[in-house]
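Visitor: I would like to go through this model and ask what the terms rest on.
Guide: Go ahead; here it is.

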Amino acid sequence: MILAALALAACTTQSGPAASGVHLTGDANPPGFFPGQVATVQGKAAAALYPLVFVIATIVFVMIEGLLIIIAIRFRSRSRSRDLGLPAQTHGNNKLEFGWTIIPAIVVMILFIAGFKTLSDEDALSAHPQVVVDVTAFQWQWNVKYPDYPNVAGDPLSYTGQGKDGPEMVLPAGETVRIRLHAQDVIHSWYVPSFFFKRDAIPGRVNEFEITPQDIGTYGGQCAEFCGLAHNEMYFTVRIVSPSDFTAWAAAEQAKAPATPAPPPSGAPPGGGATINVSAVSVTAGFNPSTLTAPADTPLTFQFVNTDPTVPHNFAIQKANPDQSDWVGQPPANGGQTATYIAPALKAGTYTFYCAIHPNMKGTLTVGQ
Amino acid sequence: MATTTLPQVRPYGRSRSAWVYEWVTTTDHKKIGAMYVATAFGFFLIGGLLALVIRSELAVPGLQFLSEETYNQLFGMHALTMIFLFVMPMTTGLANVIVPLQIGAADMAFPRINALGFWLIPAGGFLMMASFAFGGAPIGWTMYAPLSTRDPSTGIDLLLMGLILLGTSSILGSINFLTTIFKLRAPGMTLLRMPMFVWATMVTSVLLLFSLPVVTAGFIMIFIDRNYGGGFFDPALGGNPVLWQHVFWFFGHPEVYVLILPAFGVISEIIPVFSRKPLFGYRAFVLATASIGALGFTVWAHHMFTTGAVYLPFFSFFTFLIAVPTGIKFFNWLATMWGGQLKFDTPLLFAIGFISLFLIGGLDGAFLAVVPFDFMVQDTYFVVSHIHYVLVAGAVFAIFAALFYWFPKMTGRMLNERLGKIQFVLLFVGTNVTFFPQHLLGLDGMIRRIADYAPNAGWTVLNELSTLGAFIIMLSVLPFLWNVFITLRGPQNAPDDPWDGYTLEWATTSPPPAWNFEVLPAIRSERPLFDIKHGAIAAHGAALPAGPGETHDELRIDAPEEFLGQPLEGHEDASGEPRGVAPEVSAAAPDATVVAGAGTVREAEAAEKVVEKAKKKGPSAGPTLPDEKGPAA
């Protein structure tokens, strides 16, 4: 069975990760009997335990299954018609019982101590982590904040994931990174298979842990705790860069002007053209109204009201940009707030609009002549 | 002659309505047990159907058949159906039929509570299934708060109500089992002479009694949170979502042993009988069962390693420790078979399948107990694979072993062996094809409870394989359904003791009369029937040579009915020498045998009472009471 599965694992290598730059999946390694490449110091230590457990488990497996096969062949009843007499009626053997109590106990204690030691290293928190990142999970998206890296407006760098790929988290290699996990609504779990690690994000609680990224590259992550409707689309990516690249990246991001803040709503459409009112109700109820009409070839102003009390939403239109990419209203409106988005002029036709944070929230926009 | 040919149990009335009335109002533990088994099997088919829908959706990336909304309702209901409506009622039903027989009792201690316990199951099951019509329950079987407290679907309330009923049923059942086992054992049956299945049922009942009230209270708390603003688990209202996880897993982990200990008990019954040897290390088994029960309460938070809210080393330590008593069982089963004469009938095949596959589930458990590794695979398909190797390869295999083993006792009919073997092969292959690839998927980071996965992850082939396996498992159920169908239509042809058994259920007719026993053999060991057939000396001595003209098989196969009548007199071998046979308590001549058979005056009195009870019970329980010489005489 194991051989068959090994052969199978080899086959799946061919259908490995696609060439796409986006890692929608957790892991770029093909499935197999051993963990693939692990990118953090802590993760490497944890993954190093695996061969030890695997070898012990394999020995036990082969021993018991082997005994079972030997017994099944050697002690099968050879004849139904001829009585062989009763076999020896052995009721037990205290020495044997003692042996197969003590030896497994010793083996599992060795495993416990090995696991405990690695766990202590993994759980340790340093006094002065070099980078602190606040990660907030909410239905069904992530926000990544760098509290020590303010932008020109004085707010920390903050990235809310939009679309299925979620946000990207940039981390420096070789530095101690502390991640503080928050949850806004229900329990989520921050899981990066290539880090060999997950930790739950629990509302009303901040879970802190530290990782030391090591291998430069981009790694996929996903929410691992069932959190409702679009749980399977709660992706994010982590990009590990060299410390100098990280500094350069942070400096560039800090110097960027923050996304256009929503102008205060007023009677006159700020961008000219037509004004359309739309509100986001909730992730399950979607938009109100869910069908909109707009005139063609004129800039559109969307007065967007987020009536969802706690969840951020925004407004985006599929294939609305001249290059057929999606137009996305920025920045998202937090719970209970409003935003004004100015969209480019659209040609006549039917478009799908959606919330870029919650791509499952959809509606139809009909652009007429 | 004291030999009595017991009457077949006849239907109580001729009309269909009388038949229905009889089954609806029965307090006979065997009938209630049969209803438990049939109901549980019906829910097994429903739960299996849900699993097939889930696996079909997961076969390839993308959403083919289901929306996310529908998918999210299915996996939780699949788990709850299989746990609360299949495995638990199934093992309760088997125990209901078998435990009173194995301890030589006439019925359960509280027959009416027993009936109530059963009728709560279809009621609870109906409420749970009805939730699909009211928005479903997309919260998984663990119902983590605050997801479960905030989702407005009415289906969740129905689900909770159903589960509260099922919890009540199990609490009633476990009280009943404990009372029965402690108070109604036949004279001579000390605790350390009880069959292992009775021990397993006893420990299971204790586990249920300590854990189920906790989670039933928890279900009520969630209900209050949802409907009356309780705020137990919602942080927005000052509650603590981790508290729900503690409440849930304080039940949830002992529950795993509730599901698997009866399976261990079944395997420990079948292996010795089909090896023609006693259970190796009976006392070690008892201690291992009891310590699994005790340790089962110390490991609940190993389901919560990634919450960052529990003291990890404590729970890791005890999780490792629980591997030790489980290992003891494995080694003792192997030692039981070693040197035996294995008869590869279907029950033994399923038992060996159980040992070889449950082992994989157990070894997965050792991986998961290593906390840093658990951080990697918690909530992935590795855990899905682990739980299914424990519960499909474990509980389901043991349940089929038990059904094949005890079907003749329950119905008086032998299931077809050939169909049984076909079923075994299909189930064995299907289980491995379905669940083994999931190890690799989990190790590669495929999380569970997702309707869809990325096409670029390289998971497609393994998922296709897993889906293929699920359909093989489905195929394996078909021969069983056909087998039961044709067998129940056939004549009642099962001998009283078809497997050359050791325990008291084989000392009465197949099926037993309403009052269970005409006579009770004396109980001198954990194998009273073996002592009768072969003599107490044989039970502890070396292999007996078969004398000329005397073969044990002859006794077993050719004249089982006569043979079962014999115990009253004691079995004598060819030379006419009694082989140290223990005398019997006989309904026909209680005075003559009780004194000789019982060790103490007190036991003798108790034995007399049992006999009198059986006499009294006779007329009320059935219209055709045999007289002391047997109905035909």
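Guide: Y354(A) stands opposite K362(A), a residue of strand 19 of chain A. The model is predicted, so local features need pLDDT of at least 70 and side-chain atom pairs count only at pLDDT 80 or more, while totals for chains, interfaces and linings use all residues. Residues are numbered from 1 along each chain as its sequence is written, and chains are lettered from A and ligands numbered from 1 in the order in which they are written.

Visitor: How do you know that strand 18 and strand 19 of chain A pair?
Guide: Pairing requires that DSSP finds at least two bridges between two strands. Strand 18 (residues 349-354) and strand 19 (residues 362-368) of chain A are joined by six bridges and run antiparallel, so they qualify as paired. Strands here are DSSP runs of E with at least two residues, and helices are runs of H or I with at least four, numbered from the N terminus.

Visitor: What makes strand 13 and strand 16 of chain A edge strands?
Guide: The open sheet has five strands in the order 13-19-18-15-16 (chain A), with mixed pairing. Strand 13 (291-295) and strand 16 (327-328) of chain A each have a single partner strand, so one side of each lacks a neighbour in the sheet.
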